[in-house]
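Hi,

Here is the structure I said I'd pass on. Have a look, and my notes follow below.

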Amino acid sequence: MSIPQERKLLTEIPGPKSREWFARRTAAVPVGVGAIHPIVTARASGSIVEDVDGNRLIDFATGIAVLNVGHTAPEVVAAIQKQAELDTHTCFHVTANEPYIELAERLNSLTPGDHAKKTMFANSGAEAVENAVKIARLATGRTAIVAFDHAFHGRTLLGMTLTAKVMPYKQGMGPFAPEVYRLPFAYPYRCPCGGDTPEACAAACLAYAVDEMHKHIGEENIAAVIMEPIQGEGGFIVPAPGFVKGIADFCAASGIVFIADEIQTGMGRAGRWYAIEDEGVVPDLVTTAKSLGGGMPLSAVTGRAELMDAVHPGGLGGTYGGNPVAAAAALAVLEKIEREDLLSSSRRVGEAVFAALRSLEGTTSIVGDIRGRGAMCAVELVSDRETKEPLGADAMNAITRTCLENGVIVLTAGTYGNVIRLLPPINIDDALLQDGLGVLVSAITAQG
Ligand SMILES: Cc1ncc(COP(=O)(O)O)c(C=O)c1O
């Protein structure tokens, strides 16, 4: 059912019904299942979320990067309905289904590189990451895995071990999985290796990383390096140019599997099918999730056929992985992105977001860095531009709360929690985008 694509407030936010439901949520659901915004959804379509009080909010969060093609896209809903009437589940290990096989074929051709590939499906991003690591270990006979500062790879035991930030993802949840090593990420705005230009940052971080892998881990022990081509939860950090390629080249020369974790960056978010395409790198394995299923739980590992086939029969999979309804939804998502050229649309959305964020530079003193690619854009806020002291939690909360109270859903990100990241549908209508950006710009301006 489509909802008029406009912001409309009928009550204060949160409204009385949301507050009532939240009281029930608090009583019934543990606090560990964090709540970012205190509203309850009744329905959603396109770029609008309607809450249980009838308020219509512009969605710049899209379920954390899941609805790149918009909420309840008619083609996706129709594909789900059709498949739900045919077959909802037999378990792919028991009897195969057509959508799984067809989707595997599609991802084998969509992912970067023209070598022979194979794809397996799971349910969540974290599971895809787990499987990619299993495959890399079996294929290389090695155990060590290298991840980066500011990385996020999920909440399972291995996922949280690979994830960098302690609070809230890891605090008190150890012991963590063994054989995981962490290296600095070439974060141009806060170069951990002292580079004062993007080029110097890439060179210094690359030299450090290569030296560390050689001296302290030993390349012959490293099964895989896993990297987000643009870090998502870490704050939409676009690595300094050349860093990703340098790491991938080192991996290729050392027999290390290079895993691109494209769970947040993929499916057109960064203006390409996969963000790594802009780095001139062909990864050995790619993880996809989030917007792949268009709202249905689905994740994938796609990779070189010989690596994917290194695992013995029964070593991969699970009860629900590649559920036919989720796979049918994903086929509709891919077709929509292709048919409507939503990769171009993603880049146009990104230009509009960048223009709005840049307008802040002249009017406020708290903009530290504006960055992103395609429709994956963010602004990092600081209380002092000289020292780059991250803007405090109170001011960040005031920004997201003001946006929400005015009918716009935004998310923060970053190791220091001081990044506003924007994840609108990549096909959002321009007038709606401008309306939402206007609210965001005013909320940021009010802080300084
Ligand atoms: C890059 C990346 N990897 C893995 C994950 C974990 O995905 P999930 O929450 O579906 O397990 C996320 C989720 O935000 C992510 O952004």
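This is a predicted model: local features need pLDDT of at least 70, side-chain atom pairs count only at pLDDT 80 or more; totals for chains, interfaces and linings use all residues.

Contact here means heavy atoms within 4.5 Å. By that rule, and leaving aside neighbours within four places in sequence, I247 is in contact with F148, L206, A209, M213, V225, M227 and F258.

Residues are numbered from 1 along each chain as its sequence is written, and side-chain values use heavy atoms, with hydrogens and water left out.

Now the cores: a nonpolar core is a set of buried Ala, Val, Leu, Ile, Met, Phe, Trp, Tyr and Cys residues joined through side-chain atoms within 4.5 Å, with buried meaning under 20% relative accessible area (1.4 Å probe, protein chains only). The largest has 123 residues, and M213, I247, F258 and L381 touch the most other members. At least three of its residues come from each of domain 1 (16-72 + 341-445) and domain 2 (75-339); those bounds come from an automatic or database domain assignment. Apart from it lies another core of 19 residues, including V49, A270, A378 and V419.

On to the ligand. Residues around it (a heavy atom within 4 Å) include F152, H153, E228 and K290. For polar contacts (pairs of N or O atoms within 3.5 Å), a side-chain N or O atom of D261 sits 2.7 Å from a ligand nitrogen, and a polar side-chain atom of Q264 is 2.9 Å from a ligand oxygen.

Cheers

Key: Buried means under 20% relative accessible area, exposed over 50%, partly exposed in between (1.4 Å probe, protein chains only). A polar contact is a pair of N or O atoms within 3.5 Å; within protein, one must be able to donate a hydrogen and the other to accept it, and residues adjacent in sequence count only if both atoms are side-chain atoms.
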